[in-house]
Amino acid sequence: MYDQKPLLVQSDRTILLDLACSDAENARLDIIPFSELVKSPEHMHTYTVSPLSLWNAISAGLTADEIIERLKRWSRYDIDQRVLFFIEDTASRYGNFIMTLDPDDEDRILLTVRKKLFFMQLSSSSLAKKILRAEGDGIFSLPRLERGRVKVELIKMGFPVDDRIPLNKGEHVEIRLKGSFKARDYQEDAVKSLLGHGESGTGFGTVVLPCGSGKTIVGILAMSKLSTRTLILCPNVQSVHQWINELKSKTEIDPSLIGEYSGDIKEIKPITVSTYQILTYRKPGEEDYLHFSLLRDGKWGFIIYDEVHMLPAPVFRITAELQSVYRLGLTATLIREDGREDEVFSLVGPKRFDTPWSELSERGYIANAYCHEIRVPLKEEEEIKYALASKREKYRIASVNGNKMDIIDFLVKKHSDDSIIVIGQYIEQLEEIKKRFGWPIVTGKTSNKARDEIYQKFRNREIRVLIVSKVANFAIDLPDCSVAIQVSGTFGSRQEEAQRLGRILRPKEKESHFYTVITEYSEEEEFAMNRQKFLSEQGYSYNLEKWNE
């Protein structure tokens, strides 16, 4: 440790945090509210300051002057004037568009625009022609149901909305935690960041925590604080069942008040747990989503969007209508492959809490994991076919390379005392693995009942090795799983890599290992570089080796 100031603020608005400095932790705590963690390898962590990160901070009560003061306090060198201007200019955009209820018409909302220039800009926009109605100098009105849509359109124009309309608490439902249950400090902090003291502008937002760190507990804690009618939306039926089990084990809620709304069961109770899939179901050739009424007509006081980075586009539309409801998004990564993070900000809420994966690992809250990439040659008989194939087909040929079988066999024998998942993208490849080794398999075609039974046998150690397709990317609780062998993936998706790693991050005494097996000198290498870079940036050690046997 040495005593130099720990921050290096660069002209491109990236911030380097030198972990060797004695004040590194104090500086990190100061900059987290207004910056995004980009990567966190062992010596230097990199953060960036973006419009969204600044608006997150401003909405939480920070000012541009406070942000600049914190940077100057910890910066080793003078800060480029362009960075300071960007912070002041971006921060100045927040608070120029204010939403309040129309006191004379409960079905309309007032949008006050503080600057004349911005009012004129908006007056000539498509929003003004289609939705907004001028009510006087600097004021528009809009229908209550268009609240979310206007917020999304304005943030795309570079103007976040300061939404000051109080949230409706909803019908009271007593939700008490069991006396034996104790949350971790960061879970409590996450809920405090979401709910504040109940003041205007709080009660909606997103919490970012690593897989295995207890995001579900954050949701349950928030439910206990609000004690209101709650809808929980999940990526699949298995996560629905996990939420229900956690609610029963951690709270004193009467089980008769908890309902499942899925493909097989259609219960609407004061606490209802459902899936994105059922909400977005519609009959072939029809435009109507049959189950949107669950969201619209449920009289919810609180909605939890589990794995909010997976929020389907149609649900954004209904979420735009549900702006008077307390809202919580939970995710391990706010990366959306479709780039719609700004809509999560506008509709679900800004990021309220985030913490580095490596920090929770050091504290023992998630497993200590090691990442390995093993490169294997392409089968000789596939070389000509590969050379003549299109780019996309090259990737598939490399992904299902039969030479990967020997590595799988070697790794399973090497980790003979571990619970192991073999995970891949291509079903025919997974079926070949099952045919050779005889291990059970879970794919999209496996019924929900069969999935639950197989997962439970895996948890009970009746099954030691399990083959899973991408259906297991999300929200599957396999606490004792300590080895994952990835044999194929989705074109270098960072989101997928984070979720697959998360399958082995539950805290445990033994170390966890995440293996990726790729074909050398192939299209797989390019995409593997993206995944490798992402994991290294999260602070995980990454070992590269070639298969020589």
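User: Hey, among contacts in the chain between residues at least 6 apart in sequence, what percentage join residues at least 24 apart?
Analyst: That comes to 71%. Keep in mind that this is a predicted model.

User: OK. How many helices and strands does the chain have?
Analyst: There are 22 helices and 23 strands.

User: And how does its radius of gyration sit against the globule rule?
Analyst: The radius of gyration is 25 Å, close to the 24 Å the rule gives for 549 residues, so the chain is as compact as a globular protein of that length. Its C-alpha trace spans about 75 × 60 × 55 Å along the principal axes.

User: What share of the residues is buried?
Analyst: Buried residues account for 57% of the 549.

User: Switching to the strands: in what order do the four strands of the open sheet line up?
Analyst: The order is β1-β2-β4-β3, and the pairing is antiparallel. From one strand to the next, the twist averages 30°.

User: Which strands stand at the edges?
Analyst: β1 (7–9) and β3 (36–39) do. Each has a single partner strand, so one side of each is left without a neighbour in the sheet.

User: How many bridges join β3 to β4?
Analyst: Three, and the two strands run antiparallel, with β4 covering residues 44–48.

User: Which residue in β4 does Leu-37 stand opposite?
Analyst: Leu-37 faces Tyr-47 there.

Note on methods:
Residues are numbered from 1 along each chain as its sequence is written. This is a predicted model: local features need pLDDT of at least 70, side-chain atom pairs count only at pLDDT 80 or more; totals for chains, interfaces and linings use all residues. Side-chain values use heavy atoms; hydrogens and water are left out. Two strands pair if DSSP finds at least two bridges between them. Axes are lines fitted to C-alpha atoms, for helices over the stretch in contact, and angles run from 0 to 180 degrees between N-to-C directions. The radius of gyration is taken over C-alpha atoms; the globule rule is 2.2 Å times the number of residues to the power 0.38. Buried means under 20% relative accessible area, exposed over 50%, partly exposed in between (1.4 Å probe, protein chains only). Contact means heavy atoms within 4.5 Å.
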